[in-house]
Amino acid sequence: MKIFTVGIAEMKIAKLPDKLVTLGLGSCVGVVLYDSISRMGGMIHIMLPSAPKNAPVPNKSKFADTGIVELIRLMTLSGAVRSKMFAKVTGGAHMFNTSYNTNIMNVGKCNVDMCMKVLEENAIVVKSEDTGGNCGRSIEFCCETSMLQIRTVSPRSVRLI
Amino acid sequence: MFDICNIKKNELDFFQELENIGASHAATALSVMLGRTISLRVPCVQFCEYKKICDILKGPENLVAGLLVGISDDLNGFILLVLDNDDAYNLSGSVISDIEAGAPGSDFSELQTSALKEIANILIGSYITAISSLTGLKMNASVPELVIDMAGAIMNLLTSAYGEYGDAVLFLETEFVDEAQSIFGHFFLIPDVNSYKILIEKMGIG
């Protein structure tokens with residue numbers, strides 16, 4: 001069994017029995033797609049809701065709108081069946097509750113909203129989610145059980161969705 | 001659009017000098033408050049790939065205390081003060097009496113939280129006053145907010161502030177060292193992209 005770490009603004013694909021991990025999600029969102037037939041999982045660590053319009057997008061994994069579509073494409077290329085995919089969505093916390101409020105402060109919610117919109121447009125069911133709140137999360141997805149483990153440090157907790 | 005990926009050498013030098021002045025004022029203010037010497041590690045302008053940003057803080061899962069202040073008026077952006085959780089605990093304990101501090105390893109007491117915010121206030125207040133009088137640009141600081149969480153989650157703020165412009169983050173960073181207690185603090189000034197432009201134009205080095 002191998003564990004693949006997905007860095008910020010990256011995406012990776014893994015197959016049974018491997019695991020996918022991403023650490024320290026704050027306002028970023030971790031989206032996992034899983035095809036239960038090929039037992040292939042894909043994970044993306046999204047930073048921002050949408051790519052700038054009318055400009056080239058060198059790194060699609062950074063944005064929810066371009067990233068999720070690209071992950072679906074890559075998984076399909078590797079043999080996953082799109083119609084069998086479901087999603088698990090986590091992250092998008094509101095880390096700082098400051099009175100100084102700008103768009104940057106609300107980026108967590110915008111990220112989650114955009115992920116949900118893109119998943120719906122691509123007819124992928126969101127099986128479970130753990131989003132919002134005000135704490136950071138580390139996640140680990142197991143391609144064998146299709147369970148997503150979420151760890152927080154403040155307060156200390158571990159749960160499975 | 002000001003391109004942070006193609007920042008010039010003289011612009012970097014200018015930001016470096018700005019950070020030097022702001023940080024040394026802040027260190028002096030904190031030294032006076034604590035009654036002991038606070039020294040600076042070389043202040044620097046970092047142009048850091050966002051993949052590597054958490055390495056500065058010992059990895060994305062390291063438990064840290066982040067104190068955030070918003071900057072507005074002529075210049076806009078954030079100042080973020082980040083300490084290791086244990087260092088934040090010791091630092092806050094050193095400005096209040098032992099009786100009022102909780103046992104080591106326990107959660108921060110209300111008084112400790114407030115002490116930390118006050119330290120942030122003093123550091124950041126003297127920092128922006130120095131930069132304001134140097135540049136003639138006005139800056140207002142918001143009330144500090146304290147968050148204790150994973151370094152990665154806290155540093156998301158920097159990455160999302162610059163994410164749209166490229167694959168790197170530009171910030172001014174200084175390490176504060178309280179040698180008596182071996183406390184390290186990282187101090188980040190994160191102007192928004194437009195404020196970088198304003199600073200460069202104002203100083204006539206564009």
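**Entry 1: ground rules.** I am looking at a predicted model, where local features need pLDDT of at least 70, side-chain atom pairs count only at pLDDT 80 or more, and totals for chains, interfaces and linings use all residues. Residues are numbered from 1 along each chain as its sequence is written, while chains are lettered from A and ligands numbered from 1 in the order in which they are written.

**Entry 2: chain B overall.** I found five helices and seven strands in chain B. Helices (H or I, at least four residues) and strands (E, at least two) are DSSP runs, numbered from the N terminus. Read from the N terminus, the order in chain B is α-β-β-β-α-α-β-β-α-β-β-α.

How much of chain B is buried? I got 44% of its 206 residues; buried means that 20 or more other C-beta atoms, placed from the backbone, lie within 10 Å of a residue's own.

Next I looked at contacts, meaning residue pairs whose C-beta atoms, placed from the backbone, lie within 7 Å. Of the contacts in chain B between residues at least 6 apart in sequence, 71% join residues at least 24 apart.

**Entry 3: two helices of chain B.** I compared helix H1 (residues 9-34) of chain B with helix H3 (residues 110-135) of chain B: their axes come within 8 Å and cross at roughly 140°. Axes are lines fitted to C-alpha atoms, for helices over the stretch in contact, and angles run from 0 to 180 degrees between N-to-C directions. H1(B) and H3(B) are therefore oblique to each other, since angles under 35 degrees count as roughly parallel, over 145 as roughly antiparallel, 65 to 115 as roughly perpendicular and the rest as oblique.

Which residues meet here? On H1(B) I noted, among them, B:Leu18, B:Ile21 and B:Met33, and on H3(B), B:Ile119, B:Tyr127 and B:Leu134 are included. The residues of this contact divide into 14 nonpolar, three polar and no charged. Ala, Val, Leu, Ile, Met, Phe, Trp, Tyr, Cys and Pro count as nonpolar, Asp, Glu, Lys and Arg as charged, and the others, Gly among them, as polar.

**Entry 4: where the chains touch.** I saw that 28 residues from chain A and 28 residues from chain B take part. On the chain A side, strand E3 (residues 19-25) gives the largest share, three residues. That side has 16 nonpolar, 11 polar and one charged residues.

**Entry 5: two helices of chain A.** Helix H1 (residues 64-77) and helix H2 (residues 107-121) of chain A have axes that come within 9 Å and cross at roughly 40°. That makes H1(A) oblique to H2(A).

How values were computed
Buried ≥ 20, exposed ≤ 12 C-beta atoms within 10 Å, placed from the backbone. Contact = placed C-beta atoms within 7 Å.
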